[in-house]
Amino acid sequence: QIIRGSLQSQGNRLVQSLTGNTNEYTYRFYCKSLYRINIGDILEYKGNYLRVDSVQDYDEYGVRECSLMMIQLTAYRDLADYIAYQIGEKLV
C-alpha cells in the first residue's frame, strides 16, 4: 500500500558494539490518520526500510505522527530474508 505523507530526517548516530558498528538514521513521518500505522510496521522509502518505533495519536487536523528508524538489513539477516520472501524474490 502506498502511504503519502511528510518524511523528515532527524539525523543519524553511530552505535558501536563488539558485533559491529552501525549507523542509526531516525526520521519523523506525518500522515493522515486514515493510515493505521502501528509500532513495528515497516515502511519502504527509496530502497531503505524504516521501522516504526513510536506513534502519536492524530491531532485535531487528522495528522498522525510517527518516529521511524532505518533498518540496516546486514544487521538483521532473518529480516532481510523475510522481506525478500514478502516481495516474491525468495521462496521458502
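Cys 31 is buried, at a relative accessible area of 3%, where buried means under 20% relative accessible area, exposed over 50% and partly exposed in between, with a 1.4 Å probe and protein chains only. Cys 66 is likewise buried, with a relative accessibility of 1%. The model is predicted, so local features need pLDDT of at least 70 and side-chain atom pairs count only at pLDDT 80 or more, while totals for chains, interfaces and linings use all residues. Residues are numbered from 1 along each chain as its sequence is written, and side-chain values use heavy atoms, leaving out hydrogens and water.

Turning to the strands, helices (H or I, at least four residues) and strands (E, at least two) are DSSP runs numbered from the N terminus, and two strands pair if DSSP finds at least two bridges between them. Strand β3 (residues 42–45) runs antiparallel to strand β4 (residues 48–56), with four bridges joining the pair. One of the residues involved is Leu 43, whose bridge partner in β4 is Leu 50. The hairpin of β3 and β4 has two residues between the strands, and Lys 46 there adopts a positive phi near 50°.

On pairing with strand β5 (residues 63–71), β4 is again antiparallel, over seven bridges. Here Tyr 49 has Ile 71 of β5 as its bridge partner. Six residues lie between β4 and β5 in their hairpin, and Gly 62 in the turn shows a positive phi of about 80°.

The largest pocket holds about 550 Å³ of space. On a 1 Å grid over the protein atoms alone, a pocket is an open set of points where a 1.4 Å probe fits, with protein on both sides within 12 Å along at least five of seven lines, and lining residues have an atom within 4 Å of a point. Its volume is the space filled by probe spheres set on the points, which are joined across faces, edges and corners. Of the 17 lining residues, Gln 1, Ile 42, Leu 43, Glu 44 and Tyr 45 are the closest to the centre of this pocket. Two or more lining residues come from each of β1 (5–15), β3, β4 and α1 (77–86), and β3 gives the largest share, four residues.
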